[in-house]
Amino acid sequence: MNDEAGFERLYVTASDGLSLFGRDYRPPRPDFTPVVCLPGLTRNSADFHELASFLSQHHETPRRVIALDYRGRGESGYDSDWKKYDPRVEAQDALDFLTAVGVHEAIFVGTSRGGLIIYALAVMRPALLRGAVLNDIGAVVEIEGLKRIRSYVGKLPPPRTYDEAAEILQKITGGQFVGFSQAEWLRNARRTFAEKNGKLAPRYDLSLMKGLALIDLEKPLPDLWPLFMGLRDFPVLVLRGANSDLLSAATVAEMTMRHPNCAAVEVANEGHAPLLADQPTLCAIEAFCARAEARPREPLAAAETSSA
């Protein structure tokens, strides 16, 4: 699948003047609630290409899908003040972007950090949310997973070729994603690195590592349960990679117990965070979107846990 086809490129100016980029996948008849995709800490809108193409071209419920690049990632502008690489600022950026492109209600899909931004949006503008898909992020963040992420963000050796970049990513995350083909590692490498001044460089501002460095991993992390329960009025689908070291199965089980409208899907053979490219997961998200749209403010059927 061509990562650079099937969408319109959008550029919006944030409230502080920074340029923000997003991909807009428009179906022939946008009769259904749109979906907004928010990537992980260092990730970008290309991560959602398979999901966005699937949802926007669905034969029964084609939806407009907008996937965003946060400031300092992908094709959005880099901020001279690294302290603005903060979920609260990024949530405001998302609001600015969606207002500019005319999206006033949506189902949100948030991978890792994207889920934290969904928590913020639920506080800042609850009327915007119709439902939320939390991709490998929940009410408890496991320390070991955060340590692993911090060990490589902004510290990857510069690859000379995309094949070499794929080898680097496989060495770092091969234990999380077992059985990946060379083509899949190469696809991920092209979404992680880009050519800049004749060399390959990460598709994110290396200053992101400064914020991670400030986290004291010897102390308990902040309690996210109140933020998660801020989604209690919305249907929620939690996706967990079976090999994830950031979101535990026990946490997911507790989330489905505490939230009256929360379902869960475990993605086999993947870790943090699931790539949202396999057919069972794509179908699970599409089915959730249909249920969320049908009953946007009412409890769904009893919380269910299924396996993809």
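**A guided tour of selected elements**

Begin by selecting strand β9 (residues 236–241) and β10, which pair in the parallel sense over six bridges; two strands pair if DSSP finds at least two bridges between them. Helices (H or I, at least four residues) and strands (E, at least two) are DSSP runs, numbered from the N terminus. This is a predicted model, in which local features need pLDDT of at least 70, side-chain atom pairs count only at pLDDT 80 or more, and totals for chains, interfaces and linings use all residues. Residues are numbered from 1 along each chain as its sequence is written, and side-chain values use heavy atoms, with hydrogens and water left out.

Next, select Leu237, whose bridge partner in β10 is Ala263. Strand β10 (residues 262–267) is mostly covered, with five of its six residues buried (under 20% relative accessible area, 1.4 Å probe, protein chains only).

Then select helix α2 (residues 87–100) and helix α3 (residues 113–124), whose axes come within 9 Å and cross at roughly 70°. The two helices, α2 and α3, are therefore roughly perpendicular to each other (65 to 115 degrees). To view their contact (heavy atoms within 4.5 Å), display Pro87, Glu90, Ala91, Gln92 and Leu95 in α2, which meet Arg113, Ile117, Ala120, Leu121 and Met124 in α3.

Finally, select Thr173, found in helix α5 (residues 162–173). Thr173 is buried, with a relative accessible area of 11%. Not counting residues up to four places away in sequence, Thr173 touches Arg148 and Trp185. The C-alpha atoms of Thr173 and Asp216 are separated by 23 Å, and these residues lie 43 residues apart along the chain.

Terms used. Buried means under 20% relative accessible area, exposed over 50%, partly exposed in between (1.4 Å probe, protein chains only). Axes are lines fitted to C-alpha atoms, for helices over the stretch in contact, and angles run from 0 to 180 degrees between N-to-C directions. Angles under 35 degrees count as roughly parallel, over 145 as roughly antiparallel, 65 to 115 as roughly perpendicular and the rest as oblique.
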